[in-house]
Amino acid sequence: MYSKEELLQMSTLIRDAVTNRIATFSNEKTAKNVDEAIRKFHSEILGGELDWQSWRNNKNAIFTIWENVLKPELPEAWKTSPFYKKMCEVKNGAIGEKNAFAVRDKSYLAAAKFSGGTWDVEYQKIGRAKDIAIDTEWSYVACYEELDRFLKGYTTIVEMLNEVREGFAVDMDNRIATIFNGMGAYLPSQFVQQGTYDKDTLIDMIRRVRTANRKNTVVAGSQRAVSKIAEGTNANWISSAAKDELATSGVVVKNTGIGCDAIIIPDSFIPFTYEFAGADDTLYVLPDEQIIKIFYEGDVRSKEAHEEEEHDQTIRIQFQHKVGVELVTSDLFGKYTIA
């Protein structure tokens, strides 16, 4: 029987294999040996063999291992993405963080002229921050495989867990796209523009957002939308750095010529389609801070479907986790829809 420390070490090994860290720092032979070690570990957990009886009698112990692999890995994937690092504040309940995000009061102190010689003036309340909790909801990934292929290792555990991890990552990108698609409904008219792309229109919007919030700004959009920034720049005035950036990545996000950086919102498809989930025709002018809040409760659950409900000798497993994603800000932002 494995000790708690050995189980933790094996969970870490599986997690490294799932995220391709082992392949990055080793050769193909080492990666194959890791797969064999993981399979041997599962065999011993199941009593010495990966067969039907051992799976039926010991599968719950395996589910615990898989849950422990996925728990820390899901939020780590968000923290390493350039977009998530810049625009999303992530809190993880699994490590004791609370579902509480500080949002400052939008009031500000205004200076006023007076004749002097008196203390009898109008006072203004100092703005304060308050904590806001965001709603969380369950999402799941359900998968199946022929039982014999699973038990014989034709479909590896690493492959399965990697697909589950990627499925939850796509779900998160879809949630981000949904947030952006719904932005702008209650903005003042001066912060909403629509029409053919015009550089001056975008610069004016950047100035409004920066002035209203007293903060630096960033322009966000899909790759196609962000590419409009370079297209709208006079070719005679574009810098060499911008040309290099355009040649290597297809878009300009650093040397934009509009007074702030741009960032690309991750692409994702609407589930079970090949249609992009996010808007392709919109640029968002945002305060340069983490205005999207993510709370991960840290509770990953896995379960096999009741075998009496299945008659085709497949293994059907469902993974669930609970996470919240919301736009939380008291700042104004801009929305520029390009015709």
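Modeller: In this predicted model, five strands form an open sheet in the order β5-β12-β8-β6-β7, and the pairing is mixed. The edges are taken by β5 (192–195) and β7 (261–264); each has a single partner strand, so one side of each has no neighbour in the sheet. On average, and ignoring direction, neighbouring strands here are turned by 20 degrees against each other.

As for the salt bridges, the whole structure has 12. One of them joins Asp 280 to Arg 224, at 3.9 Å from N to O. Asp 280 sits in the loop between β7 and β8 and Arg 224 in helix α9 (residues 223–231), so this contact ties together parts 56 residues apart in sequence. Asp 280 is partly exposed at 27% relative accessible area, whereas Arg 224 is exposed at 56%.

Another salt bridge joins Asp 288 and Lys 86, with 3.1 Å from N to O. Here the distant parts are the loop between β8 (282–287) and β9 (292–296), which holds Asp 288, and helix α5 (residues 82–87), which holds Lys 86; they are 202 residues apart. Asp 288 is partly exposed, at 34%, and Lys 86 is partly exposed too, at 29%.

Arg 301 and Asp 299 also form a salt bridge, at 2.9 Å from N to O. Arg 301 has a relative accessible area of 43% and is partly exposed; Asp 299, at 26%, is partly exposed as well.

Key. Residues numbered from 1 in each chain as written. Predicted model: local features only at pLDDT ≥ 70, side-chain atom pairs only at ≥ 80, totals over all residues. Heavy atoms only, no water. Pairing = 2+ DSSP bridges. Helix = DSSP H or I, 4+ residues; strand = E, 2+ residues; numbered from the N terminus. Axes fitted to C-alpha atoms, helices over the stretch in contact; angles between N-to-C directions. Salt bridge = Lys/Arg side-chain N within 4 Å of Asp/Glu carboxyl O. Buried < 20%, exposed > 50% of the residue type's maximum accessible area, 1.4 Å probe, protein only.
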